[in-house]
Amino acid sequence: WLQEGQVALSPSHPITLLASTWEYLYLWPQLMLTQSPDRGLALAQWFSQWIHVLIGFGGTVLAIFSFTNFVTARTELRLFCTALAIGAGPMIWTAPLAKNDWGATYWLSLSALVLIYSYSKKILNPKDAFLIGLFSALSFVTKFTSVFALLPLLLWILPLLALEKRVKPALSLGIGALVILIPISVRNLSLTGTPFFPVSLSFWPSSVLGPTESSILSSYRYAHILVEVPYVLAQRVLELFALQKPALLSLLPIAAIAFLAKKIRPALPSPSMAMSIYVTSLLSFLLFVFGLKGNAQLRLLGPGLVLLGLSFGASTSWLLSCPPFPFVRRYLIPLLPWLTAIACGLIPLYPLMQLSPQRYQFPHQAVLKDSNGYAKAWLRAHAKKTDLIISDGDNELYYLGGYDIRITDKDPDLDKLLVSSPTPALVAASLRKIDARWFLEGPGFPLRLRKALSLPDQLLSEATVFEKDGQRVIDLRQLLN
């Protein structure tokens with residue numbers, strides 16, 4: 001990827017194929033700015049960070065602010081809703097990083113913006129339907145957990161299609177989605193054997209994934225509804241308490257809205273639209289609760305977290321538009337523009353402050369700060385590009401780009417071998433067969449390969465060519481011959 005400026009399947013690390021629509025943007029500096037592989041890596045990191053901050057995060061801010069025009073007409077309340085929507089704790093820390101969280105959120109925000117515009121007009125024309133399908137598919141293939149927010153959001157389309165009584169909008173929606181889904185599906189099918197990689201492996205498995213990686217991905221399968229729902233729901237709600245209090249608070253105003261419905265209703269731009277925002281955010285959270293069986297990182301909810309914050313902002317705005325308490329009307333509302341200005345200024349300031357070229361250094365300096373950096377620096381200085389390097393758990397291989405390196409739990413053949421409880425002789429013979437040259441170890445590694453070889457410490461010490469701070473490089477040819 002670093003050397004050739006393209007996203008391709010690495011047989012020894014197939015999960016990297018998850019890089020899709022958003023990560024393709026990160027290839028630009030490789031194609032335009034690279035002077036050498038090392039310099040290209042540093043430029044790619046800087047460029048990717050700026051893309052994620054300015055397009056992903058910044059684009060989401062603008063899209064959500066435009067969205068709030070359908071929530072309230074008051075500028076300070078629109079800013080307030082935007083600040084709550086983008087300030088999700090589990091999400092905001094990813095903004096200044098070269099990741100895809102805000103990329104997926106940006107695409108879905110555009111889809112939601114076009115959708116709510118159509119919803120307000122109660123008509124879905126083919127052009128808007130095409131854009132909704134296009135942006136929704138882009139969000140899905142950028143981060144497939146976007147589906148938890150995508151499905152309830154697309155439920156808005158059903159009444160619009162029913163009112164339209166024509167097939168053109170439905171066809172346009174499907175065509176817009178297929179424009180994105182077909183190329184990605186063809187790529188996945190040709191490289192992994194399944195168009196759904198890495199999703200839906202149960203009915204269309206992939207030969208490029210070993211048992212360990214398949215087991216990890218199985219955590220994305222649906223929970224058993226009758227048995228696990230109470231436990232999973234309680235677990236996720238507790239996590240929501242602990243990690244994202246603003247999102248939890250967004251669930252509470254629904255009771256207040258119901259209680260004060262007669263007072264609030266005149267202030268609502270559209271009661272049905274308000275209910276749609278609530279239903280979308282709640283369904284998004286519930287789908288996440290029951291859809292992720294083992295992985296509970298709230299940032300994976302992605303656009304759903306933004307919807308939760310927007311839901312809280314919308315309900316608060318409507319309460320403030322028709323305040324039931326004199327204290328709120330007299331003191332809080334006059335302060336709201338100032339509080340909103342501070343919030344909207346500070347939240348985007350965090351990722352913008354991280355846009356510093358000093359964040360990433362060139363590899364000869366940065367590699368030492370990387371995970372197991374001393375051992376990697378030794379390999380960069382002594383290993384040939386044709387040498388096969390085996391790693392036992394280190395996935396941070398940015399500074400070994402271009403080297404033939406395989407990770408025991410990612411490489412399908414090595415993983416199947418180690419999972420099968422092989423004899424030490426079989427493991428040694430397999431390593432000789434593939435002509436493995438170096439073995440990279442570090443603190444916290446699972447040491448699967450070392451345990452499978454079951455060799456005395458004295459032999460390992462004699463074959464160790466580098467060791468520092470728990471990091472070790474072992475000469476496998478010397479060890480096995």
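Predicted model: local features only at pLDDT ≥ 70, side-chain atom pairs only at ≥ 80, totals over all residues.

W107 and F135 are both buried.

Q: What makes W107 count as buried?
A: The relative accessible area of W107 is 16%, and buried means under 20%, so W107 falls on the buried side of the cut-off.

Q: Why is the pair formed by the rings of W107 and F135 called stacked?
A: The ring centres of W107 and F135 lie 6.3 Å apart, with the planes at 10°. Centres within 6.5 Å make a pair, and planes under 30 degrees apart count as stacked, so the rings of W107 and F135 are a stacked pair.

Q: Which parts of the chain does the pair of W107 and F135 tie together?
A: W107 belongs to helix α6, whereas F135 belongs to helix α7 (residues 126-142), so the pair ties together parts that are 28 residues apart in sequence.

Q: How many aromatic pairs does the structure hold?
A: There are 4 aromatic pairs in the structure. Y106, W107 and F135 together form one aromatic cluster.

Q: Is T105 buried or exposed, and how do you know?
A: T105, which is found in helix α6 (residues 101-121), has a relative accessibility of 1%. Since buried means under 20%, T105 counts as buried. Leaving aside neighbours within four places in sequence, T105 is in contact with T60, M91, G302, P303 and V306.

Q: Why is the link between R448 and D415 called a salt bridge?
A: The closest N and O atoms of R448 and D415 are 3.0 Å apart, and a salt bridge needs a side-chain nitrogen of Lys or Arg within 4 Å of a carboxyl oxygen of Asp or Glu, so the link between R448 and D415 qualifies. R448 lies in helix α23 (residues 448-453) and D415 in helix α21 (residues 412-419), so this pair ties together parts that are 33 residues apart in sequence. D415 counts as buried, because its relative accessibility is 0%.

Q: What makes D435 and R477 a salt bridge between distant parts of the chain?
A: The closest N and O atoms of D435 and R477 are 3.2 Å apart, and the limit is 4 Å. D435 sits in the loop between α22 (424-433) and β3 (436-441), while R477 sits in helix α25 (residues 476-480), 42 residues apart.

Q: How many salt bridges does a search of the whole structure find?
A: The search finds 6 salt bridges, and among them is the one in which the side chains of D404 and R406 meet, at 4.0 Å from N to O.

Q: How do you know that the charged end of K468 sits over the ring of Y374?
A: The charged end of K468 is 4.0 Å from the centre of the Y374 ring, and the distance limit is 6 Å, with a further condition of lying within 35 degrees of the ring normal. The charged end of R437 likewise sits over the ring of W438, 4.0 Å from its centre.

Technical notes
Residues numbered from 1 in each chain as written. Heavy atoms only, no water. Helix = DSSP H or I, 4+ residues; strand = E, 2+ residues; numbered from the N terminus. Buried < 20%, exposed > 50% of the residue type's maximum accessible area, 1.4 Å probe, protein only. Contact = heavy atoms within 4.5 Å. Phe/Tyr/Trp six-rings, centres within 6.5 Å; stacked < 30°, edge-to-face > 60°.
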